[in-house]
Amino acid sequence: MRVTSAFVLAALALPGVAEAAGPCPVIGAMLAENAKRLKGLGATVNGAGTIDVTLNGAADAVRGAENCDLYGPAEELQINCDWDFDDEAEARRALETVKGRLEACLPAPLERKESPVYSEQQLTEAAQRNGASFADYLRNREVLADYDASYPLDREEDQSLDISVTLVRDRKTGSLRMDVDLERD
């Protein structure tokens with residue numbers, strides 16, 4: 001288990017009091033225009049030994065992750081959490097659970113994205129631009145489900161909270177991974 005840069009959140013603690021956002025304290029704070037609402041945001045190892053993203057100890061949508069990376073400062077906060085699975089049915093249930101928790105906290109549902117399909121020509125071009133290992137990564141990456149949305153944080157829509165939930169299978173190893181990314185910018 002890894003919590004990278006979790007202590008960076010101490011730098012995010014701006015003056016002010018984080019208010020509870022009902023059943024969705026984390027997402028409510030992340031959707032707030034004022035970055036001061038993020039005070040108290042952190043990652044907590046729960047009783048099951050997995051990671052919950054919390055606000056003043058209260059979790060909402062992102063719970064039970066195996067790994068979470070948290071990056072700041074508050075105005076450009078990024079939270080990336082992931083889960084690994086052995087069974088596709090279990091992975092899809094977990095994806096629907098996390099997606100449902102997120103959507104219960106968001107002003108609009110996440111939108112399904114079409115999975116990318118790369119032609120051999122595109123893979124050859126990717127190898128020329130970024131190396132053979134990148135082309136191999138694209139060739140072996142099978143996106144099983146991909147959802148995302150962007151939510152404006154202010155009236156001018158200069159800032160937003162971008163959220164994505166992705167389930168991917170590595171064709172070479174058969175491993176399954178779900179990623180949840182929340183980014184304030």
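1. Lining of the largest pocket. In this predicted model, four elements each supply at least two lining residues: β6 (78–85), α5 (132–140), β9 (160–170) and β10 (176–184). β9 gives the most, with five residues.

2. The largest pocket has a volume of about 310 Å³. Its lining counts 19 residues, and those closest to the centre are Tyr137, Arg141, Val168, Arg177 and Asp179.

3. Which class of residue is it made of: nonpolar, polar or charged? The lining of the largest pocket holds 10 charged residues, five polar and four nonpolar.

4. Arginine 169. This residue sits in strand β9, the element that gives the most to the pocket lining. Its side chain makes a polar contact with the side chain of glutamate 88, at 2.7 Å. Leaving aside residues up to four places away in sequence, arginine 169 touches Glu88, Asn140, Arg141, Glu142, Leu144, Gly174, Ser175 and Leu176.

5. Arginine 169 and arginine 141. The two are 28 residues apart in sequence, yet their C-alpha atoms are 6.1 Å apart in space. Arginine 141 is also among the residues closest to the centre of the largest pocket.

6. The three-stranded sheet. The strands run in the order β2-β3-β4, and the sheet is open with antiparallel pairing. β2 (41–45) and β4 (58–59) are at the edges with a single partner strand each, so one side of each has no neighbour in the sheet.

7. The β3 and β4 pairing. Strand β3 (residues 51–55) pairs with β4 over two bridges, in the antiparallel sense. Here leucine 55 stands opposite alanine 58 of β4.

How values were computed: Residues are numbered from 1 along each chain as its sequence is written. This is a predicted model: local features need pLDDT of at least 70, side-chain atom pairs count only at pLDDT 80 or more; totals for chains, interfaces and linings use all residues. Side-chain values use heavy atoms; hydrogens and water are left out. On a 1 Å grid over the protein atoms alone, a cavity is a set of points where a 1.4 Å probe fits but cannot get out, and a pocket is an open set with protein on both sides within 12 Å along at least five of seven lines; lining residues have an atom within 4 Å of a point. Grid points are joined across faces, edges and corners, and a volume is the space filled by probe spheres set on the points. Ala, Val, Leu, Ile, Met, Phe, Trp, Tyr, Cys and Pro count as nonpolar, Asp, Glu, Lys and Arg as charged, and the others, Gly among them, as polar. Contact means heavy atoms within 4.5 Å. A polar contact is a pair of N or O atoms within 3.5 Å; within protein, one must be able to donate a hydrogen and the other to accept it, and residues adjacent in sequence count only if both atoms are side-chain atoms. Two strands pair if DSSP finds at least two bridges between them.
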